[in-house]
Amino acid sequence: MDSSVSLYTQLKAAQPFFVMAGPNVIESEEHVMKMAKHIKAITTKVGVPLIFKSSFDKANRTSSKSFRGPGIAEGLKILEKVKVAYDLPIVTDVHESSQCEAVGKVADVIQIPAFLCRQTDLLVAAAKTGKIINIKKGQFCAPNVMVNSAEKVRGAGNQNVMVCERGTMFGYNDLIVDPRNLEWMREANCPVVADITHSLQQPAGQKLDGGGVASGGFRELIPCIARTSVAVGVDGIFMEVHDDPLSAPCDGPTQWPLRHLEELLQELVAIAKVSKGKQQFAIDLTPFRD
């Protein structure tokens, strides 16, 4: 718990923001190690704290035929190697309460998927590991729902919680990012993270040649959502990054190319520094709400 409190304190104090980044899913040990090495080099150069992200099992894929990853046992071994080799904190997601104890022995941040953000038993089990809990807001949820989700974690004895915006359903097969959520989610009284890649998914919006559907997305709009998020003043950025998104086994349409990561982060840091400077002189709008 002490190490989690220390990391949580560092993340809350990160200027101008921290980054959670990595490939969507573990494709191989070699690939994950390569990605961790390059992403760490870039974030160190830019000057933002990094939590390395990758998933051992994508249990909520659109199709049962989709690539899911190596599974919990092998996946955690690989993530632990990344952690030791590059001295990086790790974030990965859980889908079942039974996974939390094992994941908590490796991960520094346990992520609750958006579809599961209200699952009390899962939130409590994750909280009891003592690790930092990052809860993604469900695509179907209003921002104030995250107040209750965060309280479930705190009620289980864990104060180290974050909430994450990842878009809101906009009809079928589309998401929209409402920047107001980034402000309203502060009612959860914890760091607010913006997922700038999943927010641009088109759930089940891509037809496959052999029949069926997969998730599509708008990779080209990632900088737009990222700029908006840091201008609003989020505490952290979550983004999936890949060295070859076009060949990624899943979520390729919303993974940011590794070759463009440094350029994007440099721009976001510049925007955030200017924005946070202006926020010191922000007008109190409370009197105008009635």
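Residues are numbered from 1 along each chain as its sequence is written. In this predicted model, local features need pLDDT of at least 70 and side-chain atom pairs count only at pLDDT 80 or more, while totals for chains, interfaces and linings use all residues; side-chain values use heavy atoms, with hydrogens and water left out.

The model contains 11 salt bridges (a side-chain nitrogen of Lys or Arg within 4 Å of a carboxyl oxygen of Asp or Glu). Among them are these pairs:

| Salt bridge | Closest N to O distance |
|---|---|
| Lys-34 and Asp-243 | 2.9 Å |
| Lys-136 and Asp-195 | 2.6 Å |

Asp-195 in strand 9 (residues 192-195) and Lys-136 in strand 5 lie 59 residues apart in sequence, so their pair ties these parts together. Helices (H or I, at least four residues) and strands (E, at least two) are DSSP runs, numbered from the N terminus. Both Asp-195 and Lys-136 are buried (buried means under 20% relative accessible area, exposed over 50%, partly exposed in between; 1.4 Å probe, protein chains only). By contrast, Lys-45 is exposed at 58%, and Glu-262 is partly exposed at 27%.

Lys-53, in strand 2 (residues 50-53), is buried with a relative accessible area of 1%. Its side chain reaches the backbone oxygen of Asn-24 at 2.7 Å.

In helix 5 (residues 120-127), the buried residues include Leu-122, Leu-123 and Ala-125. The buried residues of this helix pack against helix 4 (100-104), strand 4 (109-112), strand 5 (132-136) and helix 6 (145-155), contact meaning heavy atoms within 4.5 Å.

Note on methods. Polar contact = N/O pair within 3.5 Å; in protein donor to acceptor, adjacent residues only side chain to side chain.
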